[in-house]
Amino acid sequence: MTYTVEKIGGTSMSAYNAVLNNIFLRPESPYNRVFVVSAYGGITDALLESKRNGDPGIYQLVAKRDDGWIDAFTALKKRLVSINAEIFEDTVSRTRADKYIAARLDDAQNCITNILATCKYGQFTLRQYLPQIREFLSSIGEAHSAYNTALKLKSLGINARFVDLSSWDDKLSGNLDQVITSAFADIDVKNELPIVTGYSYCDEGLMKTYDRGYSEMTFSRIASITSADIAIIHKEYHLSSADPRIAGPENVLPIGQTNFDVADQLANLGMEAIHPNAASGLRQANIPLQIKNTFEPEHKGTLISQQYAPKTEKIEIIAGKNKVFALQIFDQAMVGQVDNVGYEMMEIIYEERVSLIGKEMNANSITYYLSGATKNLNQLLYRAEKRFPNSTIAKHMVALISAIGAEINTNTTLSKGVLALMSHDIAPIAVHSSMRNVNVQFVVKDDMYENAIRALHEAFFTRETVTKQIA
């Protein structure tokens with residue numbers, strides 16, 4: 001039998017019945033599979049901060065010493081118990097689920113209370129404890145969803161096993177690989193179905209190292225260490241030729257097949273098929289990755305593999321990112337010194353915890369395309385102006401749109417893309433092509449983002465051409 005390691009995303013996890021019927025109960029045998037689960041949709045946001053707009057969750061309130069974190073804990077407990085009530089019809093299972101998550105939340109709340117009390121003394125500062133607080137708060141959402149899933153499957157006669165990698169009550173230790181190896185030492189996937197937390201405790205700190213991509217790292221390392229035949233991610237959408245919310249669901253179709261180069265380009269734009277570090281692990285282990293739609297179980301989805309090479313040059317997806325912070329540094333005296341400026345700016349970018357999406361340069365200027373919280377971006381701008389007082393520094397909000405494919409003709413793509421944009425009265429601010437022949441990027445005004453996506457998708461795709469690509 002094919003042995004698979006599978007991950008279920010947060011939005012899919014919230015569709016309890018669809019996950020149960022379309023994923024867990026679908027095959028004749030439920031075994032020879034491992035499932036890594038995310039927290040239910042929105043729960044990690046409530047624990048940390050909103051991924052979309054940065055609104056504070058429990059962690060951010062604690063970091064700001066805002067007493068509202070206690071009320072946030074109370075609200076979260078009600079929310080999690082409400083989820084339990086929707087999942088479990090029988091009183092016994094619901095009571096067990098409520099008791100488990102209540103104890104976990106109470107322990108976490110007591111831990112934070114004690115840390116804050118300790119930090120009232122001058123020898124201790126909250127800053128030194130914040131990384132650990134963020135780590136154990138991150139684990140709560142996945143512990144809740146994994147415990148519930150295992151409990152639900154057991155009630156249906158499946159020998160499911162809850163595998164808590166968070167080490168909240170256990171003594172798991174070591175780096176990520178060592179923790180996973182230890183946890184799986186006595187698991188028999190032929191006769192039991194492991195339901196694993198997306199968060200894993202490890203010496204390096206999973207959240208510290210990979211931030212919100214941590215569950216995909218856990219998934220990737222389990223697949224690699226246990227030698228999966230294939231890795232599968234279940235999402236609420238197909239990996240399609242463009243965002244259906246922008247280009248229209250009637251105009252886009254699943255990609256069907258591609259390689260990890262394309263997945264990396266998508267990750268760079270924040271449209272992660274999979275976290276780039278997680279993809280790297282699968283790539284090195286030569287494990288193909290399948291992206292499937294939770295709500296269309298019959299569909300094969302998209303297969304991402306190291307071996308895939310298209311027979312003809314083609315664009316596979318139009319992807320982009322808006323609200324990108326373009327920081328331009330110009331100095332006539334920079335000629336011959338660009339590398340020095342670039343090195344210092346990269347240090348500032350790293351220290352301010354913003355993401356570098358792209359960069360362009362000439363003899364006397366460098367432009368950085370950045371993404372991150374507004375506060376961090378403003379602080380980066382302040383530091384850049386202070387560090388380079390004799391330079392002219394400008395900022396612009398732009399959108400980046402890429403035409404991406406495993407093997408493309410960048411010259412044709414660039415000219416065709418520019419013509420498509422101009423025909424829709426969209427003047428590109430900048431264009432970039434790559435010698436790797438994987439993507440061509442168009443920079444446009446931020447308010448032109450959706451129009452640019454539609455214009456490029458219309459130019460490179462028709463329903464017929466996409467159908468041929470996935471046939």
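**Close-up views of ring pairs, helix packing and backbone**

**Figure 1. W69 and F73 lie four residues apart in helix 5 (residues 68–87), and therefore about one helical turn separates them.** Helices (H or I, at least four residues) and strands (E, at least two) are DSSP runs, numbered from the N terminus. The model is predicted, so local features need pLDDT of at least 70 and side-chain atom pairs count only at pLDDT 80 or more, whereas totals for chains, interfaces and linings use all residues. Residues are numbered from 1 along each chain as its sequence is written, and side-chain values use heavy atoms, with hydrogens and water left out. Rings of Phe, Tyr and Trp (its six-membered ring) pair if their centres lie within 6.5 Å; planes under 30 degrees apart count as stacked, over 60 as edge-to-face and the rest as tilted. By this rule there are eight aromatic pairs.

**Figure 2. F136 and W168 form a tilted aromatic pair.** The ring centres are 5.3 Å apart, and the planes make an angle of 50°. This pair links distant parts of the chain, 32 residues apart: F136 belongs to helix 7 (residues 130–155), and W168 to the loop between strand 3 (160–163) and helix 8 (176–183). F136 is buried, with a relative accessible area of 11%, whereas W168 is partly exposed at 24%.

**Figure 3. Ring pairs join Y100, Y147 and F162 into a cluster.** In a further contact involving a ring, the charged end of R134 sits over Y59, 4.9 Å from the ring centre (the criterion is NZ of Lys or CZ of Arg within 6 Å of the ring centre and within 35 degrees of the ring normal).

**Figure 4. Helix 5 and helix 7 have axes that come within 11 Å and cross at roughly 20°.** Helix 5 is therefore roughly parallel to helix 7. Axes are lines fitted to C-alpha atoms, for helices over the stretch in contact, and angles run from 0 to 180 degrees between N-to-C directions; those under 35 degrees count as roughly parallel, over 145 as roughly antiparallel, 65 to 115 as roughly perpendicular and the rest as oblique. F73, L80, I83, N84 and I87 of helix 5 make the contact with L137, H144, N148 and K152 of helix 7, where contact means heavy atoms within 4.5 Å.

**Figure 5. Helix 16 (residues 410–423) packs on helix 17 (residues 449–460) at an angle of about 125°.** The two axes are 9 Å apart. Helix 16 is therefore oblique to helix 17, and their crossing is right-handed. The contact involves T413, K416, G417, A420 and L421 of helix 16 and A452, A455, L456, A459 and F460 of helix 17.

**Figure 6. R65 and N437 have positive phi values although neither is a glycine.** Most residues other than glycine have a negative phi. For R65, phi is about 55°; R65 occupies the loop between helix 4 (58–63) and helix 5 and is partly exposed, with a relative accessible area of 47%. For N437, phi is about 60°. N437 lies in the loop between strand 13 (430–433) and strand 14 (439–445) and is partly exposed, at 25%.

Terms used:
Buried < 20%, exposed > 50% of the residue type's maximum accessible area, 1.4 Å probe, protein only. Left-handed = near helix turned anticlockwise from the far one by under 90°.
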